[in-house]
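This report describes how parts of one protein chain are packed.

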Amino acid sequence: VGGDTETSNHDPKLIQIIAQAHVWSQQLISGTVKSVLDIAVKEKLDAGEISRVLPLAFLAPDIVSTILNGNQPVDLTADHLKRHASKLPASWQQQKQILGFTA
């Protein structure tokens with residue numbers, strides 16, 4: 001996995017939204033919270049924001065690893081990823097293509 005990358009391009013905001021998506025997903029799965037609205041109230045955020053971020057819990061593992069290592073495509077920012085989150089397919093290969101990772 002790679003693409004147009006910079007060396008050690010760690011993006012704390014990008015890493016944070018992926019981590020947050022996993023936390024919220026686990027809260028829903030475990031029953032700690034019952035709905036997106038429960039998360040929104042607890043986090044004092046708009047439910048739409050929660051809904052935009054949650055799909056990121058299902059990113060391809062190698063995409064997540066690449067981001068954690070700071071080797072994501074240069075134009076893959078937190079805002080860019082949130083804009084695409086609701087449209088990301090389940091196919092990890094298609095996710096890579098949409099987000100600018102090379103095969």
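## Terms and basis

A residue counts as buried when its relative accessible area is under 20%, as exposed when it is over 50%, and as partly exposed in between, with a 1.4 Å probe and protein chains only. The model is predicted: local features need pLDDT of at least 70, side-chain atom pairs count only at pLDDT 80 or more, and totals for chains, interfaces and linings use all residues. Residues are numbered from 1 along each chain as its sequence is written, and side-chain values use heavy atoms, with hydrogens and water left out.

## A buried leucine

Leu-99 is found in the segment after α6 (92-98); helices here are DSSP runs (H or I, at least four residues), numbered from the N terminus. At 2% relative accessibility, Leu-99 is buried. Leaving aside residues up to four places away in sequence, Leu-99 touches Leu-59, Ile-63, Pro-73, Leu-76, Leu-81, His-84 and Leu-88, where contact means heavy atoms within 4.5 Å. Between the C-alpha atoms of Leu-99 and Val-41, which are 58 residues apart along the chain, the separation is 31 Å.

Two packed helices are described by the angle between their axes and the distance between the axes. Axes are lines fitted to C-alpha atoms, for helices over the stretch in contact, and angles run from 0 to 180 degrees between N-to-C directions. The axes of α1 (residues 12-30) and α2 (residues 36-43) cross at roughly 125° and come within 10 Å. That makes α1 oblique to α2; angles under 35 degrees count as roughly parallel, over 145 as roughly antiparallel, 65 to 115 as roughly perpendicular, and the rest as oblique. On the α1 side, Gln-20, Trp-24, Gln-27 and Leu-28 meet Val-36, Ile-39, Lys-42 and Glu-43 of α2. The residues of this contact divide into four nonpolar, two polar and two charged. Ala, Val, Leu, Ile, Met, Phe, Trp, Tyr, Cys and Pro count as nonpolar, Asp, Glu, Lys and Arg as charged, and the others, Gly among them, as polar.

Helix α1 also packs with α4 (residues 61-68), at an angle of about 145° and with the axes 10 Å apart. Leu-14, Ile-15 and Ile-18 of α1 make this contact with Val-64, Ile-67 and Leu-68 of α4. Its residues divide into six nonpolar, no polar and no charged.

## A buried lysine

Is Lys-82 buried or exposed? Lys-82, which lies in helix α5 (residues 78-85), is buried, with a relative accessible area of 19%. Its side chain is joined to that of Glu-49 by a polar contact of 2.9 Å. A polar contact is a pair of N or O atoms within 3.5 Å; within protein, one must be able to donate a hydrogen and the other to accept it, and residues adjacent in sequence count only if both atoms are side-chain atoms. Apart from residues up to four places away in sequence, Lys-82 touches Ile-17, Glu-49, Arg-52 and Val-53.

## From α2 to α3

At the start of α2, a side-chain oxygen of Ser-35 reaches to within 3.3 Å of the backbone nitrogen of Leu-37. In the loop between α2 and α3 lies Lys-44, which is exposed at 76% relative accessibility. Most residues other than glycine have a negative phi. Lys-44, although not a glycine, has a positive phi of about 55°.

Ala-47 is found in helix α3 (residues 47-53) and is partly exposed, with a relative accessible area of 26%.

Key: Helices (H or I, at least four residues) and strands (E, at least two) are DSSP runs, numbered from the N terminus.
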